Amino acid sequence: MIWWKHSISFLSASIDRWFSAALRIGALLAALIMLFILLFLLLESWPVLRHIALMRFFTDEAWHPLEDQYNLLPMVTGTLYASSGALLLAIPLGIASALFMIFYATPRTAVLYRRLIELLAGIPSVVFGFWGLTTLVPLINQWHPPGASLLASILILTLMILPTLALTSYAALVAVPKDYLQAAVALGLSRWGMIYGVALPAARKGIVAGILLAAGRAIGETMAVLMVAGNVVQHADSLFAPIRTLTANIALEMAYAMGDHRAVLFVSGLLLLLLVIALTIIAAWFGKTHHV
Amino acid sequence: MSKLFVNKDKMSYLLRDLTIQVLIYSAIVCVSGVFLWILFDLIRGGSALLSWQFLTDVPRDAGRAGGISSILASTLLVLLIALLAALPISWATAILLTEFISAESPFGRWVRYSLQVLACVPSIIFGLFGYAFFSLYLGLGFSILSGGLTLACMLLPILVSTAEAGLRAVPESYRLSAVALGMSRAATLFHVLLPVAAPAWAAGLLLGIGRAAAETAALMFTSGYVDRMPESLLDSGRVLALHIFDLSMNVPGGDAPAFASALVLILLLLVINLVAMRFTYLWQRKKLNAE
């Protein structure tokens, strides 16, 4: 397109150039924020990275930050147990939700269920945590004390990542060409035969991308887990043992941390950030479409 | 595939399909049931204390008594700061990416890529960044200003992507007509594209507000915990979500006001979401008429 330089509504000949320059400054700011985040996390964790060997975060005796003992391993396993448990529960539920909306429900029910999932996605994490604390934790406590436990955090995380999984799987399954499904039906496949043999394999990449995004959310979730996990620094030996995740550790100790201790918390933040960025990049590579 | 065609009798296929269907339906019932359970619990726990007085009274006795007026004021101020900072930047980015440079240009790709990564950064990381940058480096301390600016960073990706989608959905024929009439790019944007994309932008704005109002972890070490009525933007102010957290974790006997605050927050988000859906609907109808 050839854009005219003069017009009756904007008389200045160079308006487009000035306007474009202003827009570029805005976009530059937006793009720089990600770099700034990395830079400041590095800057704040630098004092510790400089004089403490990285291996010490995994080989120190325990997490006693006030006595220079910085073993992050219990928090790392806490994060891993909680998020993998949540994924294990949420993946079948999320894919079932997507299949329901596309292949099983009537259009009206499908829209209704979609709204429900969207509303579930909109519930703030602190409200999930609060509900877990007042309802789920006492229930688990009756069954097997103390209640605030790995199990509670898995269940709450499941609810929180379910919408991500359901909506991304839905998008991936909707994008499967109608021809494939019609061909499957013409071949005499039953409904599940069509889903399992044609629809799911065709949507596989999008579903995997959704799972990776959901994993990123589960790892990064703070408030809800902080409220229901019990926050004891230990390797969980059962589902009912209290755990502490990396994110909860930052939220709990940042308020009073000083010196090296604070820098170590920034190191764990950096670790989390790099992990989530890696997951996002792999997900983008799988999905090619992004989901904000 | 061949497994699907082996000569089993038809009954076993029917049985398998039926079992799967039952499993899927029970998963749906499970999810819906838990959603209703949460809603029911919040309404039952919160409605007892929720009243006009609760909304207009200041919190007393660490929040156990009184209301949440100062909390609401802080929340509103933080949101306002976040939007004032994020809107110009994100809208400028969206306009640049859709109307002024090609999506494949190196600068465009870099901007889009970094926003895509930014969208996945956990909120606690934004909290750490905001604390290190706004509170300490820029010297804003625990204040509404530093909390608002931290939230602004968090809102950028969602605001950019919704505004971009709104602009991209404007039919190409509009731009062609504008060129044919001899309009400049800026004039086309303000007189043709923006009026058409406005409902989509409004919907994006509301989604952003909803996201910001729900945020807790990013504000813990940036806007702080003080529950007094804020007197300036450099005062610390406790937002609603953080108030719920503090009442339920640190204040014994704070459950009743926490329930009421949670109900207020949920109702607020519900209204925002419904209005956003309305705008999206309007926009889609406008788009249909345009085509």
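Student: Among contacts in chain A between residues at least 6 apart in sequence, what share joins residues at least 24 apart?

Tutor: This is a predicted model, so read every value as computed from it. In chain A, 71% of the contacts between residues at least 6 apart join residues at least 24 apart.

Student: Which elements make up chain A, and in what order?

Tutor: Chain A holds 12 helices and 2 strands. Starting at the N terminus, the order is α-α-β-β-α-α-α-α-α-α-α-α-α-α.

Student: How does the radius of gyration of chain A stand against that of a compact globule?

Tutor: A compact globule of 292 residues would come out near 19 Å. Chain A has 24 Å. Along the principal axes, the C-alpha atoms of chain A fill a box of roughly 65 × 65 × 35 Å.

Student: How many of the residues of chain A count as buried, in percent?

Tutor: The cut-off for buried is under 20% relative accessible area. By that cut-off, 54% of the 292 residues of chain A are buried. The accessible surface of chain A is about 13200 Å², and carbon and sulfur atoms hold 69% of that area.

Student: Which residues make the nonpolar surface patch?

Tutor: A:Leu28, A:Leu35 and B:Trp110 make it, with an area of about 260 Å². Take A:Leu28. This residue sits in helix α1 of chain A, residues 15-51. Its relative accessible area is 38%, so A:Leu28 counts as partly exposed.

Student: What describes a pair of aromatic rings?

Tutor: Two values do: the distance of the centres and the angle of the planes. Over all chains, the whole structure has 24 aromatic pairs. One of them joins A:Trp285 and A:Phe286, with ring centres 5.4 Å apart and planes at 75°. Planes over 60 degrees apart count as edge-to-face, so this pair is edge-to-face.

Student: Where do B:Tyr131 and B:Phe221 lie in chain B?

Tutor: First the geometry. Their ring centres are 6.3 Å apart and the planes stand at 65°, so the pair is edge-to-face. B:Tyr131 lies in helix α5 (residues 123-137), and B:Phe221 in the loop between α8 (185-213) and α9 (240-250). The pair links distant parts of the chain, 90 residues apart. Both B:Tyr131 and B:Phe221 are buried.

Student: Which residues do ring pairs link into a cluster?

Tutor: The cluster contains A:Phe36, A:Phe40, B:Phe129, B:Phe133, B:Phe134 and B:Tyr137.

How values were computed:
Residues numbered from 1 in each chain as written. Chains lettered and ligands numbered in written order. Predicted model: local features only at pLDDT ≥ 70, side-chain atom pairs only at ≥ 80, totals over all residues. Heavy atoms only, no water. Patch = residues over 30% accessible without salt bridge, like charges linked within 9 Å, V, L, I, M, F, W, Y side chains within 5 Å. Areas by Shrake-Rupley, 256 points an atom, 1.4 Å probe, with all protein chains shown as cover. Salt bridge = Lys/Arg side-chain N within 4 Å of Asp/Glu carboxyl O. Helix = DSSP H or I, 4+ residues; strand = E, 2+ residues; numbered from the N terminus. Buried < 20%, exposed > 50% of the residue type's maximum accessible area, 1.4 Å probe, protein only. Rg over C-alpha atoms; globule rule 2.2 N^0.38 Å. Contact = heavy atoms within 4.5 Å. Phe/Tyr/Trp six-rings, centres within 6.5 Å; stacked < 30°, edge-to-face > 60°.
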